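These exercises go through a protein model step by step. Try each task before reading the solution below it.

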Amino acid sequence: MAHHGAPDITLGATGLNVAIVAASWHTEVMDGLVAGAERAAAEAHATTTLIRVPGSFELPVAAARVIESFDAVVALGVVIRGGTPHFDYVCSAATDGLNRVALDSRKPVGFGVLTCDNDEQARDRAGLEGSREDKGHEAMTAALATASALAAYPV
């Protein structure tokens, strides 16, 4: 969800259990994303389990492995553009893989993977002190809102 024009989502998610699958690269940014996701879950009265993987490329396989044990998964990562095509491959693999997990499981996967040109852009979206956006919080809110909306329609 983009910050400008974002919906005002107020929800209660008591009883929902969400896995936060988070990459480990870019520690400062990742710590901010995880904190934002955990704060959103706490505000909605949902419970979370944090699962760490090495990088954003590993998010889809981890999400696929654990999603059946949870009501939703929130995937958090950051990929910073460099001088090689690595950025494009990792971003595409993470996006396509997480979308596949959501469609195959028919459960929400909150997308909190930052795809940025530089460290400054990532920090500005990580929910850190002075950041303009909190994408970890937004990804969790989206996953919880979707899980709540779909609760009446069992898998």
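**Exercise 1.** How many residues does α3 have, and how far does α3 reach from its first C-alpha to its last?

Solution. The model used here is predicted. Helix α3 has 20 residues. From its first C-alpha to its last, α3 reaches 28 Å, close to the 28 Å expected at 1.5 Å a residue.

**Exercise 2.** Find the buried residues of α3, and say how they are placed around the axis.

Solution. Step one is to list the buried residues: Phe 87, Val 90, Cys 91, Ala 94, Gly 97, Leu 98, Val 101, Ala 102 and Ser 105. Step two is to look down the axis of α3, where these buried residues fall within an arc of 145°, so they line one face of the helix. Step three is to turn to the face away from the buried side, which carries the exposed residues Tyr 89, Arg 100, Leu 103 and Asp 104. Step four is to ask what covers the buried residues of α3; the cover includes α2, β3 and β4.

**Exercise 3.** Locate Ile 67 and state which residues it contacts beyond its neighbours within four places in sequence.

Solution. Ile 67 is found in the loop between α2 and β3. With 2% relative accessibility, Ile 67 counts as buried. Its contacts, leaving aside neighbours within four places in sequence, are Val 73, Val 101, Ser 105, Lys 107, Pro 108 and Val 109. Take Val 101 from this list: Ile 67 and Val 101 are 34 residues apart in sequence, and their C-alpha atoms are 8.1 Å apart in space.

**Exercise 4.** Which residues of α2 are buried, and what do they pack against?

Solution. In α2 (residues 59-66), the buried residues are Leu 59, Pro 60, Ala 62, Ala 63 and Val 66. They lie on the same side of α2, because they cover an arc of only 165° around the axis. Val 61 and Arg 65 are exposed on the other side of α2. The buried residues pack against β1, β2, β3, α3 and β4.

**Exercise 5.** Which members of the largest nonpolar core touch the most other members, and which element supplies the largest share of this core?

Solution. In soluble globular proteins, nonpolar side chains tend to be buried together. The largest nonpolar core here has 28 residues, of which Val 29, Met 30, Val 74, Leu 76, Leu 114, Met 140 and Leu 144 touch the most other members. At least two residues of this core come from each of β1, α1, β3, β4 and α5. The largest share, seven residues, comes from α1. Apart from this core lies another of 20 residues, among them Val 21, Phe 70, Val 101 and Val 113.

Methods. Residues are numbered from 1 along each chain as its sequence is written. This is a predicted model: local features need pLDDT of at least 70, side-chain atom pairs count only at pLDDT 80 or more; totals for chains, interfaces and linings use all residues. Side-chain values use heavy atoms; hydrogens and water are left out. Buried means under 20% relative accessible area, exposed over 50%, partly exposed in between (1.4 Å probe, protein chains only). Helices (H or I, at least four residues) and strands (E, at least two) are DSSP runs, numbered from the N terminus. The arc is that of the directions from the helix axis to the C-beta atoms. Contact means heavy atoms within 4.5 Å. A nonpolar core is a set of buried Ala, Val, Leu, Ile, Met, Phe, Trp, Tyr and Cys residues joined through side-chain atoms within 4.5 Å. The expected span of a helix is 1.5 Å times one less than its number of residues.
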